[in-house]
Amino acid sequence: MLLNKPVPLYPPYVDLCDFDFDDYPELDKIFSSNEPWWLEQFNWGKIFLTYIGRNKSAHTYERFRNDVERFLLWSFIEKKKPIDQLRKSDLLEYADFCWQPPVDWIGTSNQERFKITNGYSAANELWFPYKIQAPKSLKADYVIDKKKYRPSQQTLSSMFTAIIVFYNYLMAEDFCIGNPAQIAKKDCRHFIIDSQVKEIKRLTASQWQYVLDTAVAMADENSMFERNLFVIAALKTLFLRISELSERPNWSPTMGHFWQDDDENWWLKVFGKSRKLRDITVPIDFLPFLERYRASRGLLGLPSSNENSILVEKVRGQGGMTSRHLRRLVQSVFDQAHENMRRSEGENKALKLKEASAHWLRHTGASMEIERGRPLKDISEDLGHASMATTDTVYVQSENKKRAESGKRRKVD
DNA sequence: AAGCATCAGCAAGACGATGC
DNA sequence: GCATCGTCTTGCTGATGCTT
């Protein structure tokens with residue numbers, strides 16, 4: 001069976017662990033009817049991904065699976081050469097391929113790799129190795145041109161990372177003798193040195209005012225939106241990441257995580273990125289929002305220590321919520337706020353509200369605090385950054401501000 | 001100090017399960 | 001019956017620690 005179009009090779013991690021060709025008749029056919037090195041290299045990918053899935057995070061598995069799969073498909077179908085025989089120039093060719101893949105390798109929607117049909121896993125016809133989508137702010141009547149697909153700098157760099165790590169693994173296992181990807185990365189012509197001034201992804205003070213007013217109005221009208229109001233107020237005022245409000249395998253946020261010290265200052269304990277626990281200062285202004293949301297759930301006053309009710313609760317069913325749905329709650333407020341602001345201030349001023357995502361609230365809150373002159377050190381701690389340098393480059397950009405200031409006074413004559 | 005390798009989190013569409 | 005919510009997906013962004 002000649003392979004002339006890309007097919008998915010690797011299932012999700014749990015399914016890869018007990019992978020058996022009997023369950024994947026199509027793959028079985030492909031590998032038994034092609035040159036033996038196809039199967040050998042499929043197996044290299046398989047043991048590498050198994051190792052990643054076992055020792056790294058689930059996300060890293062998915063990220064690396066994409067790229068190992070694309071790379072092998074390219075070597076099978078396009079290059080027709082085993083990966084242990086590839087050299088730097090071949091890898092540069094692969095980078096060109098990724099930069100502008102053929103249109104029949106590109107899809108326009110998220111799709112599962114495999115579908116179960118008649119008890120067997122079969123390739124999903126709608127799945128493609130590459131994907132192009134319309135940006136959410138331009139969703140309506142947007143025509144997708146697959147020829148316009150270009151990976152971002154991050155995507156390209158992630159591609160090299162995955163292939164480099166893959167080759168390193170193969171070298172350690174004595175399958176390969178060198179790492180052509182490592183050398184190719186330095187010569188890849190698609191990388192541009194980026195020292196641009198980056199726009200901070202935040203709302204202006206007036207856009208934020210619309211978001212807050214809209215959320216209050218929505219909650220006043222229908223108590224089901226009390227939850228939306230609480231979430232956006234918490235994300236903005238306490239600089240939270242969306243995940244820090246979500247139920248996760250090793251952490252469930254509860255009301256008891258709000259606590260008071262000896263001087264009656266309020267704090268919130270959160271479990272952040274890279275398994276770091278931190279306490280965030282809770283301003284007095286925020287307490288009414290907390291009380292209000294609690295009241296809508298029939299909880300009296302402010303949280304007592306060791307209170308173990310869920311922090312943000314589902315309206316149907318029991319327990320905390322995943323980040324996916326919390327993001328949708330934020331999005332629904334943004335959509336309404338955009339509509340309100342567009343009507344009274346015009347499309348131009350409201351535009352950013354269409355692009356905004358939940359994470360912008362963290363940026364908006366921190367940026368507004370910096371403008372009010374709160375010490376950078378304190379904000380950095382509340383954000384949970386390990387170093388103030390991160391806070392400065394992401395939120396303040398003091399170097400750029402100085403440069404803009406000194407450049408502003410140049411004369412033409 | 002800058003750059004790189006590593007890897008974790010976030011965004012948002014698709015789709016199906018679930019609770020009321 | 002249907003809105004709510006979780007899971008899977010790819011693409012994007014942020015953070016950390018090591019090397020140079």
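This is a predicted model: local features need pLDDT of at least 70, side-chain atom pairs count only at pLDDT 80 or more; totals for chains, interfaces and linings use all residues.
Local features need pLDDT of at least 70, side-chain atom pairs count only at pLDDT 80 or more, and totals for chains, interfaces and linings use all residues. Residues are numbered from 1 along each chain as written, chains are lettered from A in the order written, and side-chain values use heavy atoms, without hydrogens and water.

User: Which helix gives the most to the surface near DNA strand C?
Analyst: A residue is near the strand if one of its heavy atoms lies within 4 Å of it, and 37 residues surround DNA strand C. Helices here are DSSP runs (H or I, at least four residues), numbered from the N terminus. Elements supplying at least two residues include α6 (153–172) and α11 (323–345). With six residues, the top contributor is α4.

User: Which part of DNA strand C accounts for 69% of its atoms within 4 Å of the protein?
Analyst: Arg113 is among the closest residues, and a side-chain N or O atom of Arg113 sits 2.4 Å from a phosphate oxygen. Arg65 also has a polar side-chain atom 3.4 Å from a phosphate oxygen. The part behind that 69% is sugar and phosphate.

User: What is the distance from the side chain of Arg328 to a base nitrogen of DNA strand C?
Analyst: A polar contact is a pair of N or O atoms within 3.5 Å. For the N or O atom in the Arg328 side chain and the base nitrogen, the distance is 3.1 Å.

Terms used. A polar contact is a pair of N or O atoms within 3.5 Å; within protein, one must be able to donate a hydrogen and the other to accept it, and residues adjacent in sequence count only if both atoms are side-chain atoms.
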